[in-house]
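Subject: Structure for your review, with notes

Dear colleague,

I am handing over the structure below, and I would be grateful if you could read the notes that follow with the coordinates open beside them.

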Amino acid sequence: MKALIVDDERLARNELRRLLAVHPDIEIVGEAVDVEDALEKVAALKPGLILLDVQMPGADGFSLLERLEPPLPAVIFTTAYDEFAVKAFEFNALDYLLKPVDPNRLVAALEKLRTREAAAPAADGSTGPALRLALEDKVFVREGDRCWFVPVKNIRLLESEGNYTRLYFDDQKPQLFRSLTAMEERLDPRNFFRANRKQVINLTWVEGIEPWFSGGLLVKLKGGPKVELSRRQAQDFRERMSL
Amino acid sequence: MTADPEAKLARAKDRLYVLCQVAGWGGLLGIQLFFERLSERQRMDGLHDASVITMVVLLGWLLSHYARPLVTRWGWKQLGWTALVPRVLGASIVLSLLWTLIGFGYIYWVVCEAWTSKFSPLFAMSLTAINGIVTFVAWFCLYFVYHTFERLRQMQVERLHLAASVKEAELRALKSQVNPHFLFNSLNSLRALIDEDAPRARESVTRLANMLRYSLQSGQLETVAFEEELRIVEDYLALEQIRHENRLRVRWELAQEGDLRHVPVPPMLLQTLVENAVKYGISPRREGGEIAISARVEGAALHLRVTNPGDLTGPANASAARAGSSTGVGLRNASDRLKLLFGDHATLTLLAEPAGCVTADVYIPLNSPAR
């Protein structure tokens, strides 16, 4: 697996290199010193794994995830001591390593990664960025101190809010720094449907459909809000559902 | 209506005051009427007597009610016993005289009641006045006893608050001793340095040990010699330079006066300023920057100055704010400690100058013995 190391400290990068040397299946294809650098390197090298420092000058490790085009490569965070970040990781069951890195912890993290890769051989770096997101792919969202890796299949509804998109999943609805149009292009039209100008719904979450004013439809989503469909959209929707 | 606990307490106190007034004067009125019934004098009809007594008691009530704001305005609640006793006596005499004069004046001049008593008017008035003095002294006693207890209770609450804030300050001081972020990052760099540059790694272990020992021990000291603090700052910067390499540049401007080395300073003070400078001036900047540290004697004070690139509008990015979940705690701690040690003689100020830089200035008195 191709790995990219992102850390602003040269010594910290060297240390990770040395620790990874005993894992021949991890090939370090590059190093980046901050988020801007990492964005370029990810685009050029398409790593399957990023070892990502949280504290970096300019923007932190989380903002790299926010700005990367999904599907995201696997990520292992590294941090010296950051209560906030560690909390965020626990919340998401993301993997993180505390510096100085314990080699045994690194082995465990990589092992977890390998089993996950074996189960879902999707998001390898080889997939082009223009590709649609599979239901198993994950989207990274951050709001305040909390962050989520949301599987696409869990997203019930996407709502446009200017340049942002509000995602509805589980009992959360954080904002994603992407326009709804940009998100829609990445979603599989077999699962996601543009209900109206502001909303895209996940068809697998549709619970009930009611007739609505002037030939429109009212779609109820499981555990979520109701969405109105105009007549034109309703026509499309009926065709899609009857297929 | 309002949820403000202060306002709620004030309203409760007002209610208590009204209740006490009603109970006290009402009780007095009841007793007077009761004895009036018992005495079978029957000079006139009972209703007339009762109304006269009621009027007189109500007048006393009014007088005491208007005396209350004066007590507050004259600050009697803050006085001690010796000062209070003559004042209460005087006030009671004045109030009682007023009460007597207004009462007798109204009944015998305005209403023109006939004088039927066997005593002379002057004797009757004196008797009434003495009665009134006793009544008002009792009123003041009750009033001040209540306020004494109230003050005791308030003092207890304040003492609890004080104890809590002292504890908090101690905790904060303990917390500021070792910055875990710095510690673990340094250890991580050290691990890498062992293979890369063993002699430098060895040196760094010593420096880190110095720092840890100093920060553990200095917690018990009020002041240390400036040169000791300086050595620790040098160790700290050397360790940070391993991490940040050429991103961190340091310019020292130490006055060459011999006495500078022995000036007593609070431990970890300059260290806190420098750590802050690295956190906000170097860490968030990709290109890094220069930290200038100067120390010199100015008049009767030691002037320390630490300058770093940056601005005061806030942390340069969100990650700095996270790393410093303690945003500003270090400096506030330092400022608190200065105040504790030197009172108003020491100052710590943070300025956004020169352009594009933040400067921390500290003045510590040279001769003022600590505390």
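In which helix of chain B is the place of B:N185? B:N185 belongs to helix α5 of chain B, and I begin there, with the caution that everything said here concerns a predicted model.

Is B:N185 buried or exposed? There are 26 other C-beta atoms within 10 Å of B:N185, and the threshold for a buried residue is 20 or more, so B:N185 counts as buried. Once its neighbours within four places in sequence are left aside, B:N185 is in contact with A:A80 and A:K99 in chain A, and with B:R243 in chain B. The C-alpha atom of B:N185 is also separated by 9.7 Å from that of B:L239, a residue 54 places away along the chain.

Contact between the chains

The contact takes 21 residues from chain A and 25 residues from chain B. On the side of chain B that touches chain A, the elements giving two or more residues are α5, α7 (226-244) and α9 (318-323), and the largest share, 12 residues, comes from α5(B). Sorted by class, that side of chain B has 9 nonpolar, 8 polar and 8 charged residues.

One helix pair can be described in some detail. The axes of helix α1 (residues 10-20) of chain A and helix α5 (residues 180-196) of chain B come within 8 Å, and they cross at roughly 70°. An angle from 65 to 115 degrees counts as roughly perpendicular, and α1(A) and α5(B) are therefore roughly perpendicular to each other. From α1(A), the residues that take part are A:L11, A:A12, A:N14, A:E15 and A:R18, and they meet B:N188, B:S189, B:R191, B:A192, B:L193, B:D195 and B:E196 in α5(B). The residues of this contact divide into 4 nonpolar, 3 polar and 5 charged.

Helix α7 of chain B

As noted above, α7(B) is among the elements on the side of chain B that touches chain A. This helix has 19 residues and reaches 26 Å from its first C-alpha to its last, which is close to the 27 Å expected at 1.5 Å a residue. Just after α7(B), B:E245 takes a positive phi of about 50°.

Sheets

In chain B, an open sheet of 5 strands has the order β2-β4-β5-β7-β6, with mixed pairing. Its edges are β2 (248-254) and β6 (347-351), each of which has a single partner strand, so one side of each is left without a neighbour in the sheet. On average, and with direction ignored, neighbouring strands of this sheet are turned by 10° against each other. β2(B) pairs with strand β4 (residues 289-298) of chain B in the parallel sense over 7 bridges, and B:V250 stands opposite B:I291 in β4(B).

In chain A, 3 strands form an open sheet in the order β13-β14-β15, and the pairing is antiparallel. Here β13 (206-211) and β15 (226-229) stand at the edges with a single partner strand each, so that one side of each is left without a neighbour in the sheet. The twist averages 25° from one strand to the next. β13(A) and strand β14 (residues 217-221) of chain A run antiparallel and are joined by 5 bridges, while the bridge partner of A:E210 is A:L218 in β14(A).

With best regards

Definitions and conventions: Residues are numbered from 1 along each chain as its sequence is written. Chains are lettered from A and ligands numbered from 1 in the order in which they are written. This is a predicted model: local features need pLDDT of at least 70, side-chain atom pairs count only at pLDDT 80 or more; totals for chains, interfaces and linings use all residues. Axes are lines fitted to C-alpha atoms, for helices over the stretch in contact, and angles run from 0 to 180 degrees between N-to-C directions. Helices (H or I, at least four residues) and strands (E, at least two) are DSSP runs, numbered from the N terminus. Angles under 35 degrees count as roughly parallel, over 145 as roughly antiparallel, 65 to 115 as roughly perpendicular and the rest as oblique. Two residues are in contact if their C-beta atoms, placed from the backbone, lie within 7 Å. Ala, Val, Leu, Ile, Met, Phe, Trp, Tyr, Cys and Pro count as nonpolar, Asp, Glu, Lys and Arg as charged, and the others, Gly among them, as polar. Two strands pair if DSSP finds at least two bridges between them. A residue is buried if 20 or more other C-beta atoms lie within 10 Å of its own, exposed if 12 or fewer, and partly exposed in between; C-beta atoms are placed from the backbone. The expected span of a helix is 1.5 Å times one less than its number of residues.
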